[in-house]
Amino acid sequence: MKRIIAVLLLISLLFSLSAETITHSSFNYKYESYDEEEFPLWTIELRRAETIFFGSLVFTVPISSLALGLMSNQGIINFENNTQSALVTLSSAAGLSLVVSAVDWILGKME
């Protein structure tokens, strides 16, 4: 089985070495920027909220994990298993990220 995989990898490597490089000129592709009126304002705001929500998950997951771990060690909350702990951690992180997105949206409306 390992020999078959090695042969397949070698064949794919040989095909990739002999492949042509695709350039933009071969597609006749011309970039056109978006007009200001092309998308409604609510889609732009939704895109910003989405970006902030998923971007803030990088910070809220460790914060939620740390906070729930400290509360679990102090006996404030108890989890039955690791799955429940992970679900509570991820849902609290998502809630915090939602709050961050909502605060950004509210601050944007206030300006």
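Reader: Which residues does leucine 68 touch, not counting residues up to four places away in sequence?

Author: Leucine 68 touches Ile77, Phe79, Val88, Thr89 and Ser92 with that exclusion. One thing to keep in mind throughout is that this is a predicted model.

Reader: Where does leucine 68 lie, and is leucine 68 buried or exposed?

Author: Leucine 68 lies in helix 2. Its relative accessible area is 10%, so it is buried, the limit being under 20%.

Reader: Let's zoom out. How many helices and strands does the chain come to?

Author: The chain has 3 helices and 0 strands. Reading along the sequence gives the pattern α-α-α.

Reader: How much of the chain counts as buried?

Author: Of the 111 residues, 8% count as buried. The accessible surface of the chain is about 9,900 Å², and 66% of that belongs to carbon and sulfur atoms.

Reader: What share of the contacts with a separation of 6 or more comes from residues 24 or more positions apart?

Author: Those account for 78% of such contacts in the chain.

Reader: Switching to charges. How many salt bridges does the structure hold?

Author: There are 3 salt bridges. In general, side chains of opposite charge can pair when their charged atoms come close.

Reader: What does lysine 109 pair with?

Author: Lysine 109 forms a salt bridge with glutamate 45, and the closest N and O atoms are 3.1 Å apart.

Reader: How accessible are lysine 109 and glutamate 45?

Author: Lysine 109 counts as partly exposed at 47% relative accessibility. Glutamate 45 is partly exposed as well, at 25%.

Reader: How far is glycine 108 from glutamate 45?

Author: Glycine 108 and glutamate 45 are 9.4 Å apart C-alpha to C-alpha, and 63 residues apart in sequence. Glycine 108 is found in helix 3 and counts as partly exposed at 44% relative accessibility.

Reader: Which residue does aspartate 104 bridge to?

Author: Aspartate 104 forms a salt bridge with arginine 48, where the closest N and O atoms are 2.9 Å apart. This pair also links distant parts of the chain: aspartate 104 is in helix 3 and arginine 48 in helix 2, 56 residues apart.

Reader: And what about glutamate 50 and arginine 47, how far apart are the closest N and O atoms?

Author: For that salt bridge the distance is 3.9 Å. Glutamate 50 and arginine 47 are separated by about one helical turn, because they are 3 residues apart in helix 2. Glutamate 50 counts as partly exposed at 38% relative accessibility, while arginine 47 is exposed at 55%.

Reader: Now rings. How many aromatic pairs does a search of the whole structure find?

Author: The search finds 1 aromatic pair. Phenylalanine 53 and phenylalanine 54 form it, edge-to-face, at 5.0 Å centre to centre and 85° between the planes. Phenylalanine 53 is buried, with a relative accessible area of 18%.

Reader: Which residues form the nonpolar patch on the surface?

Author: Met1, Ile4, Ile5, Val7, Leu8, Leu9, Ile11 and Phe15 form it, with about 860 Å² of accessible area together. Leucine 8 lies in helix 1, residues 2-18, and is exposed at a relative accessible area of 52%.

Reader: Last one. Where in the chain is confidence lowest and where is it highest?

Author: Helix 1 is lowest at a mean of 86, and helix 3, residues 82-110, is highest at 94. The chain averages a pLDDT of 87, and 87% of the residues score at least 70.

Key
Residues are numbered from 1 along each chain as its sequence is written. This is a predicted model: local features need pLDDT of at least 70, side-chain atom pairs count only at pLDDT 80 or more; totals for chains, interfaces and linings use all residues. Side-chain values use heavy atoms; hydrogens and water are left out. Patches are made of residues with over 30% relative accessible area and no salt bridge: like charges are joined within 9 Å, nonpolar side chains (Val, Leu, Ile, Met, Phe, Trp, Tyr) within 5 Å. Accessible areas come from the Shrake-Rupley method with a 1.4 Å probe; for residues, only the protein chains shown count as cover. A salt bridge is a side-chain nitrogen of Lys or Arg within 4 Å of a carboxyl oxygen of Asp or Glu. Helices (H or I, at least four residues) and strands (E, at least two) are DSSP runs, numbered from the N terminus. Buried means under 20% relative accessible area, exposed over 50%, partly exposed in between (1.4 Å probe, protein chains only). pLDDT is the predictor's confidence in each residue, from 0 to 100. Contact means heavy atoms within 4.5 Å. Rings of Phe, Tyr and Trp (its six-membered ring) pair if their centres lie within 6.5 Å; planes under 30 degrees apart count as stacked, over 60 as edge-to-face and the rest as tilted.
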